[in-house]
Amino acid sequence: MNVTEIRPDAAARRAVVRNCLGVGVAVGAYGFAFGAASVAAGLSVLQTCLLSLLAFTGGTQFAVVGVVAGGGSMAAALGSGLLLGSRNVLYAMRLAPLLRVRGLRRLAAALGTIDESTAMAIGQRDPALARLAFWWTACSVFVVWNLATLLGAVGASTLGDPTTLGLDAVVPAAFLALLAPRLRDGAVERRVALGGALIALGLIPITPAGVPVLAASAALLLAATVRPRP
Amino acid sequence: MNLWVLVLATIVGCYLFKLLGYLVPARLLEHGTVRRAVELLPVALLAALVVVEAVASGHHIHLDGPRLAGFGVGAVAVWRRAPFLVIVILAGLTAALLRLA
């Protein structure tokens, strides 16, 4: 094995690709939980797979099927899904000057714009490595997420009652896992999270399903008194 | 409810959000309040989703033992910074085993 000829940048590129593939497998596998939860909520396997293929944004997908499972209205399901998806606008704005994509590549980059691909790309010091990280992360998450969705959806539709699988406990734990890194960011995040949780808890008995989640966005006002970080 | 309408509207809306970010001028990002709001919105919504998925059944508070136990075990795994799959499997397994018992 001859490793003496490897240039530092080739080694750096290899390290980035390896990390991105790791993220892709770890995050993508979680599509299994989405596939199962979606079918349990009453969506067909085809509808479930289309969401993963074309919406391709985990938090939104979970929110939509979560509201449907709770018996919420279509407006509430769509509203909470789109509110969660709105952060991708911000990610895309950060990525645009970095990726400098046009035409078909821009359409593909838009689809691949998610939490993980953004985080991996903006974490690189070198713009070329950032582009490499974006595409490898986006593609590996996409492939694993969609395969896992299909397996989860087919598995849940053959195994039957989701509560016997404990899926009803999986979904809130999955949301908590998505939330946890943000809670570690700072006191403002924790205050907004607590506010959102309390608003939702208070509204569950008195509003239609889905509304508590939408209304929780009012917790943002708790951050209004705190100066934004530079 | 027509699920197809919901699925297609979600797909179109989510994709347009993503594409929009590549089309708008980057200087909008310099507006601190807008950026902060977009960054914090998922925090409020995810916290609400955790609560709703853990204790709600339709529009009632329903405290289900196995569901809460599974969520609790999952929460400990989150706190211990376990990998995502471990969190999900522990939560599901706990609830499923308690229902068998």
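Modeller: Let's start with a ground rule: two residues count as being in contact when their C-beta atoms, placed from the backbone, lie within 7 Å. On bookkeeping, residues are numbered from 1 along each chain as its sequence is written, while chains are lettered from A and ligands numbered from 1 in the order in which they are written. This is a predicted model, where local features need pLDDT of at least 70 and side-chain atom pairs count only at pLDDT 80 or more, but totals for chains, interfaces and linings use all residues.

Biologist: Fine. Which residues is B:Ala48 in contact with, leaving aside its neighbours within four places in sequence?

Modeller: They sit on chain A: A:Gly196, A:Ala197, A:Ile199, A:Ala200, A:Pro212, A:Val213 and A:Ala216.

Biologist: And how many residues of chain A are in contact with chain B?

Modeller: 85 residues of chain A, against 68 residues of chain B. Helix H10 (residues 167–183) gives the most to chain A's side, with 15 residues. Helices here are DSSP runs of H or I with at least four residues, strands are runs of E with at least two, and both are numbered from the N terminus. That side of chain A splits into 59 nonpolar, 21 polar and five charged residues. For those classes, Ala, Val, Leu, Ile, Met, Phe, Trp, Tyr, Cys and Pro are nonpolar, Asp, Glu, Lys and Arg are charged, and the others, Gly among them, are polar.

Biologist: How do I read "buried"?

Modeller: Count other C-beta atoms within 10 Å of a residue's own, with C-beta atoms placed from the backbone: 20 or more is buried, 12 or fewer is exposed, and in between is partly exposed. Just after it, A:Gly42 takes a positive phi of about 115°.

Biologist: What about positive phi in a residue other than glycine?

Modeller: A:Phe56 has one, near 45°, in the loop between helix H3 (45–55) and helix H4 (58–69) of chain A. A:Phe56 counts as buried because it has 26 C-beta neighbours inside 10 Å. A:Arg100 also has a positive phi, about 45°, and lies in the loop between helix H6 (87–99) and helix H7 (103–111) of chain A. A:Arg100 is exposed, with 12 other C-beta atoms within 10 Å.

Biologist: Which residues have the most contacts inside the largest nonpolar core?

Modeller: General idea first: in soluble globular proteins, nonpolar side chains tend to be buried together. A nonpolar core is a set of buried Ala, Val, Leu, Ile, Met, Phe, Trp, Tyr and Cys residues joined through C-beta atoms within 7 Å. The largest here has 110 residues, and A:Ala173, A:Ala174, B:Ala44, B:Ala47 and B:Ala48 have the most contacts inside it. Helix H2 (residues 32–55) of chain B gives the most to this core, with 13 residues.

Biologist: Is chain B compact or spread out?

Modeller: Chain B has four helices and two strands. Its radius of gyration is 19 Å, well over the 13 Å that the rule gives for 101 residues, so chain B is more spread out than a compact globule. Chain A has twelve helices and zero strands. For its 230 residues a compact globule would have a radius near 17 Å, and chain A's 19 Å agrees. Buried residues make up 53% of chain A, and 39% of chain B's residues count as buried.

Terms used: Rg over C-alpha atoms; globule rule 2.2 N^0.38 Å.
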